[in-house]
Amino acid sequence: TATTRAEALVGAVAWAARPLERFGVDPDRVGLILLITVGALPAVAALAHGAREAQAARCGARGVTAFAVPLAVAALRRADTLGEALTARGFDD
């Protein structure tokens, strides 16, 4: 995924998913899901970095909860924003 253009990767996955059409799977949607997933990985890493910095700013509070809760909240907010953007572009069911 690091050296392949996103369009080519999505096209290859959508092409490979074509046989699943007979089971009601939309190959283009599978490609879109892959594209969103690949794009979300660096975003979640950035959110994790921000959560670590915020944790350190709060006097270095330790523990999984001090890191995981802000990360989960930020990730869910980002997912909600992405969902709204997809709905605005007609990708809702």
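Biologist: On what basis are the residues numbered and the features counted?

Modeller: Residues are numbered from 1 along each chain as its sequence is written, and side-chain values use heavy atoms, with hydrogens and water left out. This is a predicted model, in which local features need pLDDT of at least 70 and side-chain atom pairs count only at pLDDT 80 or more, while totals for chains, interfaces and linings use all residues.

Biologist: How many salt bridges are there?

Modeller: A salt bridge is a side-chain nitrogen of Lys or Arg within 4 Å of a carboxyl oxygen of Asp or Glu. Glutamate 7 pairs in this way with arginine 5, their closest N and O atoms being 3.5 Å apart. By this rule the count comes to 3 salt bridges.

Biologist: Which residues are linked in a network of salt bridges?

Modeller: Arginine 18 meets aspartate 28 in a salt bridge (3.6 Å, N to O). That pair links distant parts of the chain, 10 residues apart, with arginine 18 in the loop between H1 and H2 and aspartate 28 in helix H2; helices are DSSP runs (H or I, at least four residues) numbered from the N terminus. Glutamate 21 also forms a salt bridge with arginine 18, the closest N and O atoms being 4.0 Å apart. The network therefore consists of Arg18, Glu21 and Asp28.

Biologist: Why does aspartate 28 count as partly exposed?

Modeller: Buried means under 20% relative accessible area, exposed over 50%, and partly exposed in between (1.4 Å probe, protein chains only). Aspartate 28 is partly exposed because its relative accessible area is 44%.

Biologist: Which residues make the nonpolar surface patch of about 280 Å²?

Modeller: Patches are made of residues with over 30% relative accessible area and no salt bridge, nonpolar side chains (Val, Leu, Ile, Met, Phe, Trp, Tyr) being joined within 5 Å and like charges within 9 Å. The areas come from the Shrake-Rupley method with a 1.4 Å probe, and for residues only the protein chains shown count as cover. Valine 25, in the loop between helix H1 (6-16) and helix H2 (27-57), has a relative accessible area of 31%. The patch is made by Leu20, Phe23 and Val25.

Biologist: Which element gives the most to the lining of the largest pocket?

Modeller: A pocket is an open set of points on a 1 Å grid over the protein atoms alone, where a 1.4 Å probe fits, with protein on both sides within 12 Å along at least five of seven lines; lining residues have an atom within 4 Å of a point. Leu35, Val44 and Arg78 are among the residues that line the largest pocket. Two or more lining residues come from each of H2 and helix H3 (64-88). With 6 residues, the element that gives the most is H2.
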